[in-house]
Amino acid sequence: MTGSTLENIVHQLYAQSNTHCNSGSVANYIPQLAEVAPEKFGIHLCEVSGNSYSVGDSTEKFSIQSISKVLSFALAYTLVGEAIWTRIGVEPSGTAFNSLIQIEIERGIPRNPFINAGAIVVADILLSKLPQPQEDFLNFIRGINNLDHLDYSPVITASEKAVGYRNIALCNLMKSFGNIDNEPEAVLDFYFLLCSIEMSCQELSQLFLFLANNGISPHNHKTILSKSQTKRINALMQTCGFYDESGEFAFKVGLPGKSGVGGGIIAILPNQYSIATWSPRLNSKGNSVKGIHFLEAFTSASENSIF
Ligand code: DON
């Protein structure tokens, strides 16, 4: 499909999703996220070949929340290698992103790195391995695509910490099983910070393009992950990126992807493009209603997915 056709499809379907798909509500369990205007809607698509297309609120920053779980996991994977799988599994959980049930039954080992429990273990690993965890993580994500102004939001971090009861429970439960090495409070502070990273759709899709390019940043040609690590992260996004809606996302959209309760979604078509959408109204699973609607229409109209 030519670039201009893809661009036309993005614009047409943006208008269509904006008109026909306005259900869902903004995340309100983190007070600061409840302040975001629900009608925001942006899209940015970056092709490996160098073209990019934007529409709507695509340059406005938002809280990427759980999308950061892919980036923190990518860094931990490069530091620990295959040994990481002794502490985290690779199966879909079939439960909500903040569920406690399996952690008790499965003795402190989270099903995958993209549920909250898995990302809390990843935060623990990064705390143990990085000399200056906050700065080092920021430098890692900034360096992927020379996006030097990416940053945490202290306001969002504090807002989530004030109501972080379920994450506190998850971290303590895993500590009781011996799967958290550091003090739970330090691990949680770092986890909340990781979730608070802010980006626009443009930055998000530029940053994630390395996952469509065998682990190499097309922008500065840096190798971020090996080919095999890239395959595995994309596979985990496909099977676990939308929690207990992962099967439905695969069924409707057919791309590896990851969502966040800030209303963002990133999706990858290997060797072709990365696409970021942002619309803060969420469904009951914590995923963006309009973002999923748009992406389903987009892969159908462009007749291109991994399947
Ligand atoms: O820990 C939390 O609950 C949030 N910081 C992140 C949750 C999230 O983004 C789930 N995604 N759809």
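1. How many residues does the largest nonpolar core have, and which of them have the most contacts inside it? The model is a predicted one, in which local features need pLDDT of at least 70 and side-chain atom pairs count only at pLDDT 80 or more, while totals for chains, interfaces and linings use all residues. Residues are numbered from 1 along each chain as its sequence is written, and side-chain values use heavy atoms, with hydrogens and water left out.

2. The largest nonpolar core has 73 residues, and Phe137, Ile141 and Phe208 are those with the most contacts inside it. A nonpolar core here is a set of buried Ala, Val, Leu, Ile, Met, Phe, Trp, Tyr and Cys residues joined through side-chain atoms within 4.5 Å; buried means under 20% relative accessible area, exposed over 50%, and partly exposed in between, with a 1.4 Å probe and protein chains only. Because domain 1 (3–65 + 199–301) and domain 2 (68–195) both give residues to this core, it lies between them, the domain bounds coming from an automatic or database domain assignment.

3. Leaving aside neighbours within four places in sequence, Ile141 is in contact (heavy atoms within 4.5 Å) with Leu71, Leu150, Ile197, Met199 and Leu207. Another core, of 24 residues, lies apart from the largest one and has Leu13, Phe294, Leu295 and Phe298 among its members.

4. Helices (H or I, at least four residues) and strands (E, at least two) are DSSP runs numbered from the N terminus. For helix H7 (residues 165–176), the 12 residues at 1.5 Å each should span 16 Å, and the end C-alpha atoms are 17 Å apart, which agrees; the expected span is 1.5 Å times one less than the number of residues.

5. Ser66 is found in the loop between strand E4 (62–63) and helix H2 (68–80), and at 7% relative accessibility Ser66 counts as buried. Not counting residues up to four places away in sequence, Ser66 touches Asn116, Tyr243, Lys258, Ser259 and Gly260.

6. Strand E2 (residues 42–47) and strand E3 (residues 52–56) pair in the antiparallel sense over five bridges, where pairing requires that DSSP finds at least two bridges between two strands. Ser54 in E3 is the bridge partner of His44. The hairpin of E2 and E3 has four residues between the strands, and Gly50 in this hairpin takes a positive phi near 115°.

7. Positive phi values also deserve a look elsewhere. Asn146, a residue other than glycine, has phi near 55° and is found in the loop between helix H5 (133–145) and H6; at 43% relative accessibility, Asn146 counts as partly exposed. His221, likewise not a glycine, has a positive phi of about 65° and counts as exposed at 63% relative accessibility.
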